[in-house]
Amino acid sequence: MAASSFSKCFRVGHSLLSSSIQRSSSQEATCNNVLTQQIRTFIQMRTNLKVVDNSGAKRVMCIQALKGKKGARLGDTIVASVKEAQPGGKVKKGQVVYGVVVRAAMQKGRCDGSEVKFDDNAVVLVNKQGEPIGTRVFGPVPHELRKKKHVKILSLAQHIA
């Protein structure tokens, strides 16, 4: 009798163990799948962004997203610190600047039902009045910036998406 109860417990324990192994392998597959995909979220504190104008900065890090609790999206203004800069540019490394998000990896819905998202996070540096520091904007820029009153950036852009 004791042997039969032991074998039942062993079988139950074995079935529980095998199901947990199957679950963990499926969870590992899910985790690996998630890790290989880029997580697309708001532009928040400590997000690195590419600078797509000729102000002299190459890369900035977001310090604060203005007018938003979760973070910044397309057309929002952020406060950033310059992490990499070209020598002889208008801005220097370590300088605190304002910027307008012109490309974001997080998707944004449009009025016609389509969605727009980009491969990278990019910003155009502006002064406190909202005027661009650089004189050229590289790459595509979404037309949603018109609603956010950034018409000057749209006029400097090469391609409007």
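Here are some questions and answers on this predicted model, working from the overall chain down to single residues.

Since the model is predicted, local features need pLDDT of at least 70 and side-chain atom pairs count only at pLDDT 80 or more, while totals for chains, interfaces and linings use all residues. Residues are numbered from 1 along each chain as its sequence is written, and side-chain values use heavy atoms, with hydrogens and water left out.

Q: What average pLDDT does the chain have?
A: pLDDT is the predictor's confidence in each residue, from 0 to 100. Of the residues here, 75% score at least 70, and the chain average is 80.

Q: In what order do the elements of the chain run from the N terminus on?
A: Helices (H or I, at least four residues) and strands (E, at least two) are DSSP runs, numbered from the N terminus. The chain has 2 helices and 9 strands. Read from the N terminus, the order is α-β-β-β-β-β-β-β-β-α-β.

Q: In which order do strands close into a barrel?
A: Strands of a sheet pair through backbone hydrogen bonds, either parallel or antiparallel. Two strands count as paired if DSSP finds at least two bridges between them. In this chain the barrel has 5 strands with mixed pairing, in the order 1-2-3-4-7.

Q: Which strand runs parallel to strand 7, and which antiparallel?
A: Strand 4 (residues 96–103) has 5 bridges to strand 7 and runs antiparallel to it, with Tyr98 opposite Val126. Strand 1 (residues 48–51) has 2 bridges to strand 7, and Val51 has Val123 as its bridge partner there. So, taking strands as DSSP runs, the parallel one is strand 1 and the antiparallel one is strand 4.

Q: Which residue in the turn between strand 1 and strand 2 has a positive phi?
A: These two strands run antiparallel with 3 bridges between them, and Lys50 is partnered with Arg59 in strand 2. They form a hairpin with 5 residues between them. The turn residue with a positive phi, about 115°, is Gly56.

Q: How many bridges join strand 2 to strand 3?
A: Strand 2 covers residues 57–65 and runs antiparallel to strand 3, residues 77–85. Ala57 is partnered with Ala85 in strand 3, and Ala65 stands opposite Ile78. The number of bridges is 7.

Q: How many residues of strand 7 are buried?
A: Buried means under 20% relative accessible area, exposed over 50%, and partly exposed in between (1.4 Å probe, protein chains only). Strand 7 spans residues 122–126, and both of its faces are covered, with Ala122, Val124 and Val126 on one side and Val123 and Leu125 on the other. The count is 5 of its 5 residues.

Q: Is Ser81 buried or exposed?
A: Ser81 sits in strand 3. Leaving aside neighbours within four places in sequence, its contacts include Arg59, Val60, Met61 and Gly94. Because its relative accessibility is 12%, Ser81 counts as buried.

Q: What distance separates the C-alpha atoms of Thr135 and Leu156?
A: Thr135 is found in the loop between strand 7 and strand 8 (137–141), and counts as partly exposed because its relative accessibility is 49%. Leaving aside neighbours within four places in sequence, Thr135 is in contact with Asn54, Lys90 and Leu156. Thr135 and Leu156 are 21 residues apart along the chain, and their C-alpha separation is 6.9 Å.

Methods:
Contact = heavy atoms within 4.5 Å.
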